[in-house]
Amino acid sequence: MLKRFAPKSLFGRTILIVVLPIFLMQSIVTWVFFNRHWEEVTATLAKSTASDVGFLTEQWLERGSQDEQVSLLTKAREDLEITMTYVPTASIPEEDQRSFFNALNRVLDRELDWSLDRPYWYNTTGFDNEVEIRVQLDDGYLRYRVDRSRVVARNGHFFVMWLIGATGLLGYIALIFLRNQVRSITRLAAAADAFGRGEDVSDFKPSGAREVRQAGHAFIAMRARIKRFLEQRTEMLAGVSHDLKTPLTRLKLHLALDPDMPGADKMKSDLGEMERLLEDYLTFARGEAEDLREKVDLEELADELGQNAARLGRTLKAEVEPGLSLIAQKSQLSRAVSNLVTNGFKFADEVHFTAARKGETIEIAVDDDGPGIPEEERDAAVKAFSRLDIARNSNISGSGLGLAIVRDIARAHGGALRLESSDLGGLRAVIALPAPTKS
């Protein structure tokens, strides 16, 4: 239950672990201060004031003459610093005027109830610097006005303000340090994600804490090993291609010199197939091409595919969302989509090309009305050297690398290849790529 509401990001969880306890501790300290220290000090002050009020009330009742009463009023003002007045033939209000701060009301009410045996009324909110107390007599009431500092500890609020200010400052400083630490991890994740899409991240430099720097250096070493492996693989396949093309060229030359040789047409066909297979192997081995990424207009790409199909006497129906584009290696993306379109025309009569933005991705789909691929065989269909000609057309040969190359190109761009059932009745191949961020 709590996991649903817990922060998902590292920054949020770090705040929860580090900063939240600081605020909780300060809150506990504040609560203890007001419920212990502040209330004890206020109780002592309120008790002293209530005792003075009780004493003055008793003295007033004992002094019958007017001169004695006037003398008592003077002594209360000069000696006790309490403004005391007598209001004849009047009654105190029924309800007290209490301040918002309930601790003061509770303490003062308790002390007055202890010191007085007559009805009383107090006002802790009507004056900024004074507290008013009224005591009911038989023929009127006595009104006392006392300085607020004699009733309540007024410096407690300053303590809370300093406490809140210090907590906020420390929390802000902690957030800055945490953000800097998390930024290093975020930069490492962004560099790894960019490298996974085939982008060059040579400008990445490890930063942050020692452990984060260690992970950054490990990423740089891993990137260097992967790039070195890809270069070695490409060089090896390029060498193999060069070595194999030499005897193939000699064979083609012999056939050209002796065209009447028995079986020459079949041999030329086999040599052409061997050259095509060799080019497929080399394309698959290159995988991560060195082409620079650029803005690719998918409407222009659809036009190029349509023109290529027209040269072969086929018609490609295309539907592209207006103004749709993405950042990619143009030659690689064109090769991937061309492979899908070519495969479609091999096994079907009608092929459709669509491209549209869906949320954070751009989906490029190729549909055909061919026999399709059974769902249980689709995973195997995208593996290198996988041949499913029995399911599609047993009379058509191939290297088994077409869909594997498409899948690798999609992955190199941070996307994926999906095989689905088409509304046309055949196969639907979808290349889902990250959409560029809208500015």
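**Notes on the predicted model**

1. Let's start with Asp368, which is found in strand S9 (residues 361-368); strands here are DSSP runs of E with at least two residues, helices are runs of H or I with at least four, and both are numbered from the N terminus. Asp368 is buried, with a relative accessible area of 3%. Buried means under 20% relative accessible area, exposed over 50%, and partly exposed in between (1.4 Å probe, protein chains only). A polar atom of the Asp368 side chain lies 2.9 Å from the backbone nitrogen of Gly370, and the Asp368 side chain also reaches the backbone nitrogen of Leu427 at 3.1 Å.

2. A word on the ground rules: this is a predicted model, in which local features need pLDDT of at least 70 and side-chain atom pairs count only at pLDDT 80 or more, while totals for chains, interfaces and linings use all residues. Residues are numbered from 1 along each chain as its sequence is written, and side-chain values use heavy atoms, with hydrogens and water left out.

3. Now the overall picture. The chain holds 12 helices and 11 strands, and 38% of its 439 residues are buried. Of the contacts (heavy atoms within 4.5 Å) with a separation of 6 or more, 64% are between residues 24 or more positions apart.

4. Which residues touch the most other members of the largest nonpolar core? They are Leu298, Leu333, Val337, Phe353, Ile364 and Ile431, in a core of 38 residues. Helix H9 (residues 330-347) gives the largest share of this core, 6 residues. A second, separate core of 29 residues includes Val53, Leu73, Met84 and Leu112. A nonpolar core is a set of buried Ala, Val, Leu, Ile, Met, Phe, Trp, Tyr and Cys residues joined through side-chain atoms within 4.5 Å. In soluble globular proteins, nonpolar side chains tend to be buried together.

5. Leu298 deserves a look of its own. Not counting residues up to four places away in sequence, Leu298 touches a set of residues including Val320, Leu324, Leu333, Phe353 and Ile364.

6. Strand S2 (residues 120-123) is covered on both faces: Tyr120 and Tyr122 on one side, and Trp121 and Asn123 on the other, are all buried. S2 runs antiparallel to strand S3 (residues 130-136), joined by 4 bridges; strands pair if DSSP finds at least two bridges between them. Within S3, Ile133 is the bridge partner of Tyr122.

7. Thr49 is buried, with a relative accessible area of 1%. Leaving aside neighbours within four places in sequence, Thr49 is in contact with Ile133, Val146, Arg150 and Val151.

Terms used:
Polar contact = N/O pair within 3.5 Å; in protein donor to acceptor, adjacent residues only side chain to side chain.
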